Amino acid sequence: MSGNDQDLLAGLEAMADATLRKRLELMLAARGAFDQELTACETLDDCQRLKGKYVGRDGSLASEAMPAMRGIPVAHKQTLGAEINSIKKTWEEKIKARQIELEAARKKHTSLTDQWDPTLTPPVPARGALHPLNRLMDRLVEVFRPLGFHVEEGPEVETEAHNFDGLNIPEDHSARASSDTFYLAAHPELLLRTHTSPVQVSTLRRVAHDLAARGGIRFLAPGRVYRKDEIDPTHSPMFHQVEGMLVGHGIGMQHLKGTLEYALRALFGPHTEIRLRPSYFPFVEPGCEVDVSCPLCAAKGCRVCKGSGWVEILGAGLIHPNVLKYAGIDPGEWSGWAFGMGVERMAMMLSQTPDLRLFFENDQRFLKAMGGLD
Ligand code: PHE
């Protein structure tokens, strides 16, 4: 018997109330049994039962012994009282530690066996998709491809020469003003192209020397363009155009009209009518704006066509002789047509989207709803 146990015994003996003493004796005697039972705990339920027996709020050894401490004479409170308290604390801590241990083991076990079902379909990662504007441009390219048109590309940062000079746009034209066009601060002769028409200039210059061997040229040039516009429901400083151009022998307005009729019917439906209205662009002569019969109301008149039955869709015309000359092509021998259409405008009409900004906000709900554009 250790010195400490002797102290405890002396304390117990000094207690006047036998019932209270009995409760403390039981608690002291249970120390060995507790340790054995704890090691035998295999589950969290076992731990719960052990807790109920030794330290629980009601009817446990500790809950009985605590109030019994009032029977300990003052002289023995230091030893006996402190010992009872410390036993309770030890039991609580040991149960807690065992619970944590069992919980960790359970998690490890479950993740390796019960949670793994090899028959389940693996999670399918979300797939990306082309932007609706890109799909619409692709569709235009596919409409023209069977007619022998390929795709030409040009840089978005262009020279004044390609964007204006080569297109017969005079020095004093308002589009050249820095209030309309983004010029590069460090290179004032460079700008963000304001239309896809500079691709006419770069492509014609590139092929001029062997145009005859090629038998002329026909291409589309889809891409981004930039203008100093405030952003609002129908304007954006960046938008998309698709340029179309054909150069050959004896090309006239009839070829332009026939080709556009074919293409616009393929896009908007076989009953689509087109209408050419005279208009002015420095790089075509004659120039026109082209309308299609409103595909949404079959030309009866609706909100999209503002009741007129027609929707303006693109600008076009016969290539101005100066454009051919600038590129090194003889306008006496060659002629052709060109057009330029706004992609957002067409997409908005087809999808009846009232606000252009929706195309640039990358809201998945909008982009998914645009699935019908192609
Ligand atoms: N480049 C013109 C524009 O941006 C469109 C156009 C292209 C008109 C080709 C005629 C011929 O408005």
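**View 1. F239 is a buried residue, with a relative accessible area of 15%, where buried means under 20%, exposed over 50% and partly exposed in between, as found with a 1.4 Å probe on protein chains only.** The model shown is predicted, so local features need pLDDT of at least 70 and side-chain atom pairs count only at pLDDT 80 or more, while totals for chains, interfaces and linings use all residues. Residues are numbered from 1 along each chain as its sequence is written, and side-chain values use heavy atoms, with hydrogens and water left out. F239 belongs to strand 6, which covers residues 238-248; helices (H or I, at least four residues) and strands (E, at least two) are DSSP runs numbered from the N terminus. Apart from neighbours within four places in sequence, F239 is in contact (heavy atoms within 4.5 Å) with G223, R224, V225, R227 and E344. By comparison, L120 stands 119 residues from F239 in sequence, and their C-alpha atoms are 45 Å apart in space.

View 2. Strand 1 pairs with strand 5 (residues 217-226) in the parallel sense, over two bridges, and two strands are said to pair if DSSP finds at least two bridges between them. Within this part of the sheet, H150 stands opposite F219 of strand 5.

**View 3. E152 sits in the loop that joins strand 1 (150-151) to strand 2 (157-159).** Although it lies in a loop, E152 is buried, because its relative accessible area is 8%. When residues up to four places away in sequence are not counted, E152 touches V199, T203, R206, I217, F219, L220, A221 and P222. One of these, F219, is the strand 5 residue that stands opposite H150.

View 4. Rings of Phe, Tyr and Trp (its six-membered ring) pair if their centres lie within 6.5 Å, with planes under 30 degrees apart counted as stacked, over 60 as edge-to-face and the rest as tilted. The ring centres of F149 and W337 are 5.9 Å apart and their planes make 25 degrees, so this pair is stacked. The pair links distant parts of the chain, with F149 in the loop between helix 7 (132-144) and strand 1, and W337 in strand 10 (residues 335-342), 188 residues apart. Both F149 and W337 are buried. Ring pairs also join F144 and F339 with F149 and W337 in a cluster.

**View 5. L167 is found in the loop between helix 8 (160-163) and strand 3 (183-184).** With a relative accessibility of 0%, L167 counts as buried. Once neighbours within four places in sequence are set aside, the residues in contact with L167 are H162, H195, S197, P198, Q200, V201, P282, F283 and V323. F281 is 114 residues from L167 in sequence, yet the C-alpha atoms of L167 and F281 are 9.4 Å apart in space.
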